[in-house]
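I start with the charged pairs.

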Amino acid sequence: MDRLVSVIVPVYNTAPYLERCVRSVLTQTWKHLELLLIDDGSTDGSGAMCDTYACEDPRVRVFHKSNGGVSSARNMGLQNMRGDWFILLDSDDSLELKALQHCMEAAADGADVVVFGRQEIVDGICVSSESYGNEELTDMVQMVRKILTDRHSYGGGYSNKCWRTAAFSTGGIPLFLENLFYVEDMEWVIRMLLRAGHARVIESSLYHYHLRGDSISHSEVISEKRLIGYHDTMVCMAANLAEYPELHHWFDGVRWTELINSIIDARMKHQTAVYRTLYQKLSGKTAMLLRSDLLSGNMKLRLIAVTILHLLRLI
């Protein structure tokens, strides 16, 4: 029998785009699939639309829940899906017609995850296309390091990945951390990749990323809240790397450098609340950082300056 692929779609107030998303799944050339629509407390009629799709096609399963955020919706899908393979899809995006077929063909060599490219779509027109090459990877630590170095590498935390369920039979499929709200998908992908043993990367751009002005994540402007959330996620990602000392040490240097730069930048922009919140993350760590080899000489000078000026209440 063909392998069952679960497509997990969190839904929250995306009624104008939901039809496009759902049809892109149900018309896949790979027919042995289930579509899990997780209605996260929608108030625009999206939930009723989900129920209609379930009546029309037995492969659709709908779950209604009170609003808890995209991570809680994804977790409900992960906990209820039945597939041999699974993929996450945003309800305002869509899949190429043969996306699942290409993934299953690529997975035939024993991969635990298939990584594919994506297209950016504006008003139905492809404005850019990203491909991450054609290769097989078994050094997952190196793959993770590459993503952490260039967070667009292999699509970063993006949903351009199809996962083999059995690869996570020991301990179960990791869930999203629901207290995180910015780049939380990358934190989850890092944990997933470190549990996987074999990745297959294919050139095909199978994910359609539809750009729209009111999207949660499509804005290029990082708000003050998101900046704080970003550094919260960096702390969690560092903890995920504890079992890989060399990688962990390298990433610690990266995240502390980013934090110091963000503190300075926040104060220069007079973002007082952000500055105070971020500085709290640095509090008590100055001596350790100055003694360590985590920071460059220039970053240590910046750290000293920030610390002195903070103590003098000049910033």
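I count a salt bridge when a side-chain nitrogen of Lys or Arg lies within 4 Å of a carboxyl oxygen of Asp or Glu. The model is predicted, so I take local features at pLDDT of at least 70 and side-chain atom pairs only at pLDDT 80 or more, while totals for chains, interfaces and linings use all residues. Residues are numbered from 1 along each chain as its sequence is written, and side-chain values use heavy atoms, with hydrogens and water left out.

**Entry 1: salt bridges**

I found 16 salt bridges by this rule. One of them pairs Asp-112 with Arg-164, with 2.4 Å between the closest N and O atoms. The two residues are 52 apart in the chain: Asp-112 sits in the loop between helix 4 (99-106) and strand 6 (113-122), and Arg-164 in strand 9 (residues 161-164). Helices (H or I, at least four residues) and strands (E, at least two) are DSSP runs that I number from the N terminus.

I then looked up accessibility, calling a residue buried under 20% relative accessible area, exposed over 50% and partly exposed in between (1.4 Å probe, protein chains only). Asp-112 is buried at 8%, and Arg-164 is partly exposed at 27%.

Arg-118 and Glu-120 also form a salt bridge, at 3.7 Å from N to O. Arg-118 is buried at 10% relative accessible area, and Glu-120 is buried at 19%. Lys-269 and Asp-265 make another, at 3.2 Å from N to O. Asp-265 has a relative accessible area of 32%, so I list it as partly exposed. I also noted one network, in which salt bridges with shared partners join Glu-19, Arg-23 and Glu-56.

**Entry 2: helix 1 and helix 2**

At what angle do the axes of helix 1 and helix 2 cross? For helix 1 (residues 15-26) and helix 2 (residues 46-56) I read roughly 25°, with the axes coming within 10 Å. Helix 1 is therefore roughly parallel to helix 2. My axes are lines fitted to C-alpha atoms, for helices over the stretch in contact, and angles run from 0 to 180 degrees between N-to-C directions. Angles under 35 degrees count as roughly parallel, over 145 as roughly antiparallel, 65 to 115 as roughly perpendicular and the rest as oblique.

The crossing of helix 1 past helix 2 is right-handed. I call a crossing right-handed if the near helix is turned clockwise from the far one by less than a right angle, and left-handed if anticlockwise.

For contacts I used heavy atoms within 4.5 Å. On the helix 1 side I listed Ala-15, Leu-18, Glu-19, Val-22 and Arg-23, which meet Ser-46, Met-49, Cys-50, Tyr-53 and Glu-56 of helix 2. By class, this contact of helix 1 with helix 2 holds six nonpolar, one polar and three charged residues. Ala, Val, Leu, Ile, Met, Phe, Trp, Tyr, Cys and Pro count as nonpolar, Asp, Glu, Lys and Arg as charged, and the others, Gly among them, as polar.

The axes of helix 8 (residues 245-268) and helix 9 come within 8 Å and cross at roughly 150°. Helix 8 is thus roughly antiparallel to helix 9. Their contact includes Trp-256, Ile-260 and Ile-263 of helix 8, and Tyr-275, Leu-278 and Leu-282 of helix 9. I sorted the residues of this contact into 10 nonpolar, two polar and two charged.

Helix 9 (residues 272-282) and helix 11 (residues 297-311) have axes that come within 13 Å and cross at roughly 115°. I therefore put these two helices down as roughly perpendicular. Tyr-275, Tyr-279 and Leu-282 of helix 9 touch Leu-303, Val-306, Thr-307 and His-310 of helix 11. Helix 9 passes helix 11 in a left-handed crossing, and helix 8 passes helix 9 in a left-handed one.

**Entry 3: backbone and single residues**

Most residues other than glycine have a negative phi. Tyr-154 is not a glycine, yet I read a positive phi of about 55°. Tyr-154 lies in the loop between helix 5 (140-149) and strand 9 and is buried at 4% relative accessibility. His-270, not a glycine either, has a positive phi of about 60°. His-270 lies in the loop between helix 8 and helix 9 and is exposed at 66%.

Last, I looked up Tyr-12, in the loop between strand 1 (5-11) and helix 1. Tyr-12 is partly exposed at 38%. Leaving aside neighbours within four places in sequence, Tyr-12 contacts Asp-40, Gly-41, Ser-42, Asn-67 and Ser-91.
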